[in-house]
Amino acid sequence: MDETSQHCGYVAIVGRPNVGKSTLLNYLLGQKVSITSRKPQTTRHQVLGILTEGSEQIIFVDTPGMHKEQGKAINRYMNRTANSALAHVDLILFVVDRMRWTPEDDMVFRAVKAADAPVALVINKIDMLDGRDELLPYSEKLMMGDDFDGLFPISALSKKDLTPLRQYLGAQMPHGPHFFPEEQVTDRTERFLAAELIREKIVRQLGDELPYTTAVEIESFKQEGRVLHIDALIYVERAGQKAIMIGEKGSRLRSIGTDARKDMEHAFDTKVMLKLWVKVKSGWSDDDRALRSLGFDER
Ligand SMILES: Nc1nc2c(ncn2[C@@H]2O[C@H](COP(=O)(O)OP(=O)(O)OP(=O)(O)O)[C@@H](O)[C@H]2O)c(=O)[nH]1
Ligand SMILES: [Mg+2]
């Protein structure tokens, strides 16, 4: 294709935890590159999702939810990661949940206002509304002056009303050659996605506390014939957490493994043999060196 007719740009997706940023990204791409769950602080890293359609390439940057709690090294890492995505993008999607505007939304609002790029407000989860009218007062409250370049009430989950947002995104992309090959969908490796899918199952299957103290490391990732062999280590912080992760007679770990394997077989389009181990590494989430060795890489 003639490069002079191409459009290409970066779009940061930011907001407090749990508003539906990763769900929106996966929907826009038509495939899963970023894990999701009903628990806050699911996304821990920046993940690029690349959408190429004809002359248009939109490079989305999914980010960890910005949150007030700064207690541990991992929380500071996640907030830094989200903030750094605001620099050098062409557009910012500020995602909020239509149900509630919280002090954390105020915090994100201040951060996006301080950035150079135009900001569009995305009010997600409108499927939870009884009627559309319920949104009006909320939108007015939010359209404070000229703060936002656009306003999009959507439902990323039920895939409602996304066409105006999609068209807007295309129209905002500056002229310029594509940065990525047409077939590339993310900047992350299959290894990274494998680790994330395991973590997603942990977050989805286990109680409220455990997910925050869990990290996953892929030890080996080898295609042998028609089977992809993946060995992974799940880190927890205490022996009691290890027992919960394994479950009675190994039942919990088996169930996490089965769910993760199914997703991997779909994502990698091959048969997968997944082996999981659980290991205690106390204090890893508040230890910068441990974080670095687990792939928390400051991008
Ligand atoms: N009802 C409803 N639920 C949604 C919608 N979009 C996302 N969700 C749900 O909201 C929860 C959080 O979604 P995520 O996409 O993981 O949210 P996130 O903003 O990426 O969260 P963090 O990565 O933790 O910052 C999940 O249970 C989603 O299924 C929506 O439009 N409607
Ligand atoms: Mg997320």
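Biologist: Which helix gives the most to the shell around ligand 1?
Modeller: Helix 1, residues 21-29, with three residues. Helices here are DSSP runs of H or I with at least four residues, strands are runs of E with at least two, and both are numbered from the N terminus. Keep in mind that this is a predicted model, where local features need pLDDT of at least 70, side-chain atom pairs count only at pLDDT 80 or more, and totals for chains, interfaces and linings use all residues, while side-chain values use heavy atoms, with hydrogens and water left out. As for labels, residues are numbered from 1 along each chain as its sequence is written, and chains are lettered from A and ligands numbered from 1 in the order in which they are written.

Biologist: OK, and which residues come nearest to ligand 1?
Modeller: Lys21, Thr23, Thr42, Thr43 and Asp127, out of 23 residues around the ligand. A residue is near if one of its heavy atoms lies within 4 Å.

Biologist: What's the shell around ligand 1 like by class?
Modeller: Twelve polar, six nonpolar and five charged residues. Nonpolar covers Ala, Val, Leu, Ile, Met, Phe, Trp, Tyr, Cys and Pro; charged is Asp, Glu, Lys and Arg; the others, Gly among them, count as polar.

Biologist: Which polar backbone atoms sit by an oxygen atom of ligand 1?
Modeller: One of Asn18, at 2.9 Å, and one of Ser22, at 3.0 Å. From a side chain, a polar atom of Ser155 lies 3.1 Å from a ligand oxygen. The cut-off for a polar contact is a pair of N or O atoms within 3.5 Å; within protein, one must be able to donate a hydrogen and the other to accept it, and residues adjacent in sequence count only if both atoms are side-chain atoms.

Biologist: How much of ligand 1 does the protein bury?
Modeller: 91% of the 660 Å² that the ligand exposes when taken alone. Those areas are Shrake-Rupley with a 1.4 Å probe; for residues, only the protein chains shown count as cover.

Biologist: How many bridges join strand 2 to strand 3?
Modeller: Seven, and the two strands run antiparallel. Glu53 stands opposite Glu56 in strand 3.

Biologist: What is Asp147 in contact with?
Modeller: Phe109, Lys113 and Val119, leaving aside neighbours within four places in sequence. Contact means heavy atoms within 4.5 Å. Asp147 lies in the loop between helix 4 (135-142) and strand 6. Its side chain makes a polar contact with that of Lys113 at 3.3 Å. Asp147 and Lys113 are 34 residues apart in sequence but 7.7 Å apart C-alpha to C-alpha.

Biologist: And the three-strand sheet, what's the order there?
Modeller: 7-8-9, open, with mixed pairing. Strand 7 (215-224) and strand 9 (271-280) are the edges. Strand 7 and strand 8 (227-236) are antiparallel over nine bridges, and Val216 has Ile234 in strand 8 as its bridge partner.

Biologist: Where do helix 7 and helix 8 meet?
Modeller: Ile244, Met245 and Ile246 in helix 7 meet Ser251, Arg252, Leu253 and Ile256 in helix 8. The two axes come within 5 Å and cross at roughly 60°.

Note on methods
Pairing = 2+ DSSP bridges. Axes fitted to C-alpha atoms, helices over the stretch in contact; angles between N-to-C directions.
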